[in-house]
Amino acid sequence: MKIGVLISGRGSNLKALIEACAEPDFRGKIALVISNRPGAAGLAIAEAAGIPTLVIDHKEFSTRETFDAELDHALTKAGVDLVCNAGFMRILSDGFVEKWRDRQLNIHPSLLPAFKGLHVHQRALDAGVKITGCTVHFVRPEMDEGPIVAQAAVPVLPGDTAETLAARILEAEHKLYPLALRLVVNGQARVVDEHVVLSDADGAEVPAPLFVPSPQ
């Protein structure tokens, strides 16, 4: 399966996906990395791994739809089967999302459906939750909506700040995203009635969403 990764910044989740795809038994290959921001650090990570990169600067397009059309053209030209948003800071148009329906993943730093949107970690602290985490889900037109593939739990510790909590959740993201991607490329995660049904290597169904505890 050919994978396209969309980034906007440092590319830490991209790095985790690259390392996963390098494993001998992994059935996916990253065919293209696209950034909407020139100079994004993640581009250098991809180039160092020998992966083709492309910059499509959203500021050069007058509408969201024309930018998304160029994005779709590049992914299609590269033969991409599955898109992974990895720190991609753009809201995609409904047309793009529907074109890639059930073929586009996103990772969000909370246990969805809690704390959608921005400033997630501070909002979690303000709410006084004891457990938060991260979620990999299939993309839908609504922000941070879509069938959940996998989640990882991260405890909120005494004295946590938004920064310390974010750092600990990011570590969990680097484990969760490759795991979720493996399930999808192996055909072990499929969408049925807007829920993800998971199966083991033998095809037997297992509970969904998959809950992956994170080290404290």
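Helices (H or I, at least four residues) and strands (E, at least two) are DSSP runs, numbered from the N terminus. With those labels, Asp102 sits in the loop between α4 (94-99) and β5.

This is a predicted model: local features need pLDDT of at least 70, side-chain atom pairs count only at pLDDT 80 or more, and totals for chains, interfaces and linings use all residues. Residues are numbered from 1 along each chain as its sequence is written, and side-chain values use heavy atoms, with hydrogens and water left out.

Stay with Asp102. Its phi is positive, about 65°, although Asp102 is not a glycine. Most residues other than glycine have a negative phi, and most peptide bonds are trans. Asp102 is partly exposed, at a relative accessible area of 32%. Here buried means under 20% relative accessible area, exposed over 50%, and partly exposed in between (1.4 Å probe, protein chains only).

Glu194 also needs a look. Glu194 is not a glycine, yet has a positive phi of about 65°. Its place is the loop between β8 (189-192) and β9 (195-199). With a relative accessible area of 37%, Glu194 is partly exposed.

Next comes a peptide bond. Leu112 and Pro113 are joined in cis, with omega about 15°. Pro113 belongs to the loop between β5 and α5.

Follow the chain into helix α5 (residues 120-127). Its buried residues are Val120, His121 and Ala124. Viewed down the axis of α5, they fall within an arc of 95°, so they line one face of the helix. The arc is that of the directions from the helix axis to the C-beta atoms. The cover over these buried residues includes β5 (104-108) and α6 (162-185). Contact means heavy atoms within 4.5 Å. Just after α5, Gly128 takes a positive phi of about 75°.

Now turn to helix packing. Axes are lines fitted to C-alpha atoms, for helices over the stretch in contact, and angles run from 0 to 180 degrees between N-to-C directions. α1 and α6 pack at an angle of about 40°, their axes 9 Å apart. That makes α1 oblique to α6. Angles under 35 degrees count as roughly parallel, over 145 as roughly antiparallel, 65 to 115 as roughly perpendicular and the rest as oblique. The crossing of α1 and α6 is right-handed. A crossing is right-handed if the near helix is turned clockwise from the far one by less than a right angle, and left-handed if anticlockwise.

From α1, the contact uses Ser12, Asn13, Ala16, Leu17, Ala20 and Cys21; from α6, it uses Leu170, Glu173, His174, Tyr177, Pro178 and Leu181. These residues divide into 8 nonpolar, 3 polar and 1 charged. Ala, Val, Leu, Ile, Met, Phe, Trp, Tyr, Cys and Pro count as nonpolar, Asp, Glu, Lys and Arg as charged, and the others, Gly among them, as polar.

Helix α1 (residues 12-21) has another partner, helix α2 (residues 41-48). The axes of α1 and α2 come within 9 Å and cross at roughly 15°. The two helices are therefore roughly parallel to each other. Their crossing is right-handed. Leu14, Lys15 and Ile18 in α1 meet Gly42, Ile45 and Ala46 in α2. The contact of α1 with α2 holds 4 nonpolar, 1 polar and 1 charged residue.

Gly79 lies between α3 (64-77) and β4 (82-85). Gly79 is partly exposed, with a relative accessible area of 29%. Gly79 and Met1 are 78 residues apart along the chain, and their C-alpha atoms are separated by 9.3 Å.
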